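Hi everyone, thanks for coming.

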Amino acid sequence: TSPADEGVTTVEGLEYRTDRTAAHLLDVYYSPTVSDGPVVVLLHGGGVDRSFGLYSGGLAPALAERGAVVFVPDWDDTFGDEPDVLITRHDGTGCAISYAVAHAADYGADTERVVLFGHSGGAHAVVAGGGLRETVPVTDCVVEPAPVAADGLVLWDGDWMLSSSPWDRYDTELPGMLESLSLWGYLDETPVMPIVLVSAAGSRNELQRFGV
């Protein structure tokens, strides 16, 4: 545990899965002087981890200052060569979400209010790995996996039409990837909740999008 700026405390390196093939650790950001704020699970983008400054020095403490208890897990973002491998790795994020809900009250959160936040590859991981889709049971979770009725999703720069070049590796499997990793197919099967899609100017150009 270490004190952070502006009255936010950080608890680092908590294990939410026992499988050692990936980091499977998470950090918690909270303000000891605030209680009954929402639980926020923030999944980082691909190619970085939970310590990346955008999250550890930016979003996570900023949300904690405003009263949220924020869990930032590392998740296995290795692409692999088979679609099923990537989707199975995303399933493990459900362990992180279950862990957050089970322990959020320890840091003063209101566990009846849960928001899932995913950035870039993390947006796909939230949707495919515990936010909307019914996932495969994961046996090495520290906390028994449980369905989470999220009160909202914030999805920042998810590549929902799979328009960036890394997806090319899947060739004829791409339609199946689209079905599994985009949120459109699950919307009629899940509780009604606010879903906020955030698009930054950089991704507008990179992912060939229309105006922000």
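Which helix gives the largest share of the lining of the largest pocket? It is H3, with four residues. Before going on, a word on the model: it is predicted, local features need pLDDT of at least 70, side-chain atom pairs count only at pLDDT 80 or more, and totals for chains, interfaces and linings use all residues. Residues are numbered from 1 along each chain as its sequence is written, and side-chain values use heavy atoms, leaving out hydrogens and water.

Back to that pocket. On a 1 Å grid over the protein atoms alone, a pocket is an open set of points with protein on both sides within 12 Å along at least five of seven lines, and lining residues have an atom within 4 Å of a point. The largest one has a volume of about 550 Å³ (the space filled by probe spheres set on the points, which are joined across faces, edges and corners). Its lining has 26 residues, and Gly-130, Arg-133, Glu-134, Thr-135 and Pro-147 lie nearest the centre. H3 and helix H4 (121-131) are the elements giving two or more residues to this lining. By class, 16 lining residues are nonpolar, six polar and four charged. Here Ala, Val, Leu, Ile, Met, Phe, Trp, Tyr, Cys and Pro count as nonpolar, Asp, Glu, Lys and Arg as charged, and the others, Gly among them, as polar.

Now for the helices, which are DSSP runs of H or I with at least four residues, numbered from the N terminus. Helix H2 (residues 83-91) packs with helix H3 (residues 93-103) at about 5°, their axes 4 Å apart. Axes are lines fitted to C-alpha atoms over the stretch in contact, with angles from 0 to 180 degrees between N-to-C directions. So H2 is roughly parallel to H3 (an angle under 35 degrees). Arg-89, His-90 and Asp-91 of H2 make the contact (heavy atoms within 4.5 Å) with Thr-93, Gly-94 and Cys-95 of H3.

H2 also packs with helix H5 (residues 174-181), at about 10° with axes 10 Å apart. That makes H2 roughly parallel to H5 as well. Pro-83, Leu-86, Ile-87 and His-90 of H2 meet Met-177, Ser-180 and Leu-181 of H5. This contact has five nonpolar, two polar and no charged residues.

Last, the largest cavity, where a 1.4 Å probe fits but cannot get out. Its volume is about 40 Å³, and its lining includes Tyr-30, Asp-36 and Tyr-107.

Notes. Parallel < 35°, antiparallel > 145°, perpendicular 65-115°, else oblique.
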